[in-house]
Structures are given as C-alpha cells and as structure tokens.
Amino acid sequence: MKFVSTRHRSMRFSIDEALLAGLAPDGGLFVPELLPKGNSKVLPTTSMADFAAELLKIFFNDSVLLKVLPEICERAFGFETPLKRLNKEISVLELTHGPTCAFKDVGAQFLAAAMKHLRPDNNKPRVVLVATSGDTGGAVGCAFSGQENTRVIILYPKGRISDRQERQLTCWQKNVSAYAVKGTFDECQKMVKAAFTDSELQKNWQLLSANSISLGRLLPQMIYYAYTAATAKTSVNFIIPTGNLGNALAAVWAKELGFNIDKICLALNANSAIAEFLKTKEWHPKETIATLANAMDVGNASNMERLRDLLSIDPQMYNSLTAWSVSDAEIRETIQRVYKEFNYVTCPHTACAFYAQTKMKWSDSILISTADAAKFNDLVEPIIKRPIEAPSDLERILGRPFERKEIAANEAALKALF
Ligand SMILES: *Cc1c(COP(=O)(O)O)cnc(C)c1O
C-alpha cells in the first residue's frame, strides 16, 4: 500500500516514510492511495488486538513494521473497550480505559510502539514535539515515557486546561518535559510549526510530530469502529465527539473499507464549521471558540483536508454524514440529564454525542465516549452534585510528583530548550 498527498496524488510514499515525515513535502496530508473495499471479510477473531493486526496488514505490507504489528497492536489495544447498552436506542462504546483515560491512548500507544522500530540511518537524537489543548499531551507523554533515545517536549497554553489534565502532562519526568506557554493554544501550535521548518534544529535533531494528523494515530483509530461493526448483527450508526476530525475521519475510513456502518454523526461543540460544511458542501474555517469540551475547540480542523479528499472521490459518502453543534448550556443540561436518566456520568465531550443523539431520531445509535468524566471533575461534580471516583490509572498519575515550568510564547523560547 502506498500513501499519497492530498495535494498531489502523483507523489507516492511508503507508510514508513509517511510516519516519519508527519506532513507530506507539499504541505498536504498523507492518505492511503486507495481504501480497498471488501475488508469486512476480516473477521474479529479473539480480541481487538488480533483483529487490528490482521486488518492493518494491508496498510503495512511494505513496512519494516509488518513483522511486529501484532506486538504493536497488543500495546495499543491492551485495555478494555466495553460497549455498554443504556436502553433500546443507545449504546456507549467506552474508549476511556487506557492509561490516561481518553481515546487518544489508542493512537499514542500505537505511534510510540511503531516509532521504536522505525529508525532512519542517520543517528540524530529524536525529539517528539507536541502542542496540546488538553488530552493529546498526556497520552503522548505517557506513551513515550521511558522510550530510549527519544525526548518529548509538550507545549500547552498556561491556565487554559483542567487541573487534572495539567497533572497528566507534567508528571512524566526524565525524557518527557511539559511547558506552560504564556499564550494561547494557537500560539503553541505556531511555535511547534516554526520548529519543524527551522533548518538549524532540523540539522541536529530528528523532529517527530504526534498530533492528530499523524497516520500512526489515525490508522489504529479505525480499528474500534471496524471491530464494533464486524461484531454487530446489523449495520451500526455512530455518534462521535470530534474537533480536529481525527476520531470521526477514522470512522469514515472504516466505512469506506466496507465495514457495516450505516450513518455517522459528528457531535461538535460550539465550533460549528464542520456542520455548516456538511450542509453547504463549502468549507469555511472559523476562529476557534473556547468551550467546556476543550479538547474539541478547533475552528479549522486539520483533518478536513482528508475528509474533503475522500468526498471528492466518493461523493456518496455525503449521504451518510451528519453533524450537530452543541452549546455549553446544552453540554451542562446533558451531563445532568444523562446522570438522572441512566445513572451514567459523562465528560463534556461525550455529552455532545448524547445531545446529538436526541436530534438524530435513529432507532439505534452507538455513542463514542472519548474521556473519563473524572478528568473533568471540576466541571462535572457540581452539575451532578456528587464526587466522581477516579479510575485507578488516573489515581496513579495524580499521585506522581509533577513540575510546572513556564516559557514565553515565541520560537526562541522553544529553541532554547534544545
Ligand atoms: C481529542 C479529543 C476529542 C476530539 O478528537 P478529534 O480527533 O480531534 O476529533 C474529543 N474528546 C476528547 C476527550 C478528546 O481528547
């Protein structure tokens, strides 16, 4: 399988090249040259990890990773992903049982395990650079913690993430350092982008990205959708909290591969640009609005370029996609309603999926739970008026010593860390 750039289909790359580069040389995003239909024949054997190793073979057939795929998948899918039925119409697929209690653990663990085996000839020291608005940094820091010859630098906007999210970023020590940037998330992203185009840094270091455009995160994220569809008796409908469109695009790819997925609803927070795109088929990115579901605060979704690429090849896909934008007031109401109705505690992101479900009027929906509510206890506890017990993985992380460090919001401050 070769991968091409969304901007020039004539440029072809191996998966190993794509994983190491992150972004295509023309600035586009890597996409599979074709998504072969008929893969629904890959049957769920004993576990999601086995299923993943089998399905991902087609994407890694010319990769040095082919031999170690089972081992990589064991790690990425090494935690439970229970599908819980709440009533006749609603089930929840919980992707919240990984080491940092968010679905991003799947992609981060896969990427870290894959990178261990991907070593280009030059022996430059390796640095993973991440800008995070909350959960990505924690999952990436955890996944790369202790990995040999790899440093991780995480930038996050000072004062704009939850206390527990900050603890998850700043507790890894040794090879993983996190810095509170005196600026916004957009400024953090700008600093990271500038580092990637800095020739001096490039000369001395092998810079790696771990953001949601990395194929090392997207490809494994297809698995839980494909597996759920492959094990269901009838076709399934998914409602997916999404912001940068990584989580939702993975479902669209799984459907394109031929798995028995009927409809896909993208549950957005007040950042509604994607909903308007699906209505008008015209893409107008917007300024980012800060919301209670902060991990989805994205006005200009990076993976939009991949979705539009796919829709230009398969316009039928429009008929299966809908989106619903959810306000902060609706998120609060929904956290309370879902607790009363189902005795179920939901994080603000997953609440967007619960709200969208009431608008879809589908006979059966699978909602994706993207983070454990305990990570957002400051918001959720006052709404449901009871304390939330933290899962043991989170307890363990919160028990670790942590260190808050600050840097200015400019490239020079970032370069000084090298
Ligand atoms: C990152 C994140 C999302 C959004 O995922 P995308 O891939 O950006 O669509 C939703 N919920 C939580 C909890 C997240 O951490």
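**Figure 1. N149, in the loop between helix 5 and strand 7 of the predicted model.** The loop holding N149 runs between helix 5 (135-144) and strand 7 (150-157). N149 is not a glycine, yet its phi is positive, about 50 degrees. Most residues other than glycine have a negative phi. The relative accessible area of N149 is 57%, so N149 is exposed.

**Figure 2. L245, another residue with a positive phi.** L245 has a phi of about 75 degrees although it is not a glycine. The residue is found in the loop between strand 10 (236-241) and helix 10. Because its relative accessibility is 2%, L245 counts as buried.

Figure 3. A polar backbone atom of N244 lies 2.8 Å from an oxygen atom of the ligand. At N247, a polar backbone atom is 2.9 Å from an oxygen atom of the ligand. T370 contributes a polar side-chain atom, 2.9 Å from a nitrogen atom of the ligand. The ligand taken alone exposes 380 Å², and the protein buries 98% of that.

**Figure 4. The aromatic pair of F51 and F259.** Over the whole structure, a search finds 11 aromatic pairs. One of them joins F51 and F259 in an edge-to-face arrangement, with 6.1 Å from centre to centre and 70 degrees between the planes. F51 belongs to helix 2 (residues 48-56), and F259 to the loop between helix 10 (246-256) and strand 11 (261-268), so the pair ties together parts that are 208 residues apart in sequence. F51 has a relative accessible area of 0% and is therefore buried. F259 counts as buried because its relative accessibility is 4%. Together with Y227, F51 and F259 form one aromatic cluster.

**Figure 5. The aromatic pair of Y224 and Y225.** The rings of Y224 and Y225 form a tilted pair. Their centres are 4.9 Å apart, and the angle between the planes is 55 degrees. Y224 is buried, and Y225 is buried as well.

**Figure 6. Charged side chains over aromatic rings.** In one case, the charged end of R151 sits over the ring of F418, at 6.0 Å from the ring centre. In another, the charged end of K281 sits over the ring of Y318, at 4.3 Å from the ring centre.

**Figure 7. N269 and its polar contacts.** N269 is found in the loop between strand 11 and helix 11 (273-280). With a relative accessibility of 1%, N269 counts as buried. A polar atom of the N269 side chain lies 2.9 Å from the backbone nitrogen of N271. The N269 side chain also makes a polar contact of 2.9 Å with the side chain of D297.

**Figure 8. I335 in helix 13 and its distance to L379.** Helix 13 covers residues 328-342 and includes I335. I335 counts as buried because its relative accessibility is 1%. I335 and L379 are separated by 44 residues in sequence, while their C-alpha atoms are 9.9 Å apart in space.

Technical notes:
Residues numbered from 1 in each chain as written. Predicted model: local features only at pLDDT ≥ 70, side-chain atom pairs only at ≥ 80, totals over all residues. Heavy atoms only, no water. Polar contact = N/O pair within 3.5 Å; in protein donor to acceptor, adjacent residues only side chain to side chain. Areas by Shrake-Rupley, 256 points an atom, 1.4 Å probe, with all protein chains shown as cover. Phe/Tyr/Trp six-rings, centres within 6.5 Å; stacked < 30°, edge-to-face > 60°. Helix = DSSP H or I, 4+ residues; strand = E, 2+ residues; numbered from the N terminus. Buried < 20%, exposed > 50% of the residue type's maximum accessible area, 1.4 Å probe, protein only. Lys NZ or Arg CZ within 6 Å of the ring centre and 35° of its normal.
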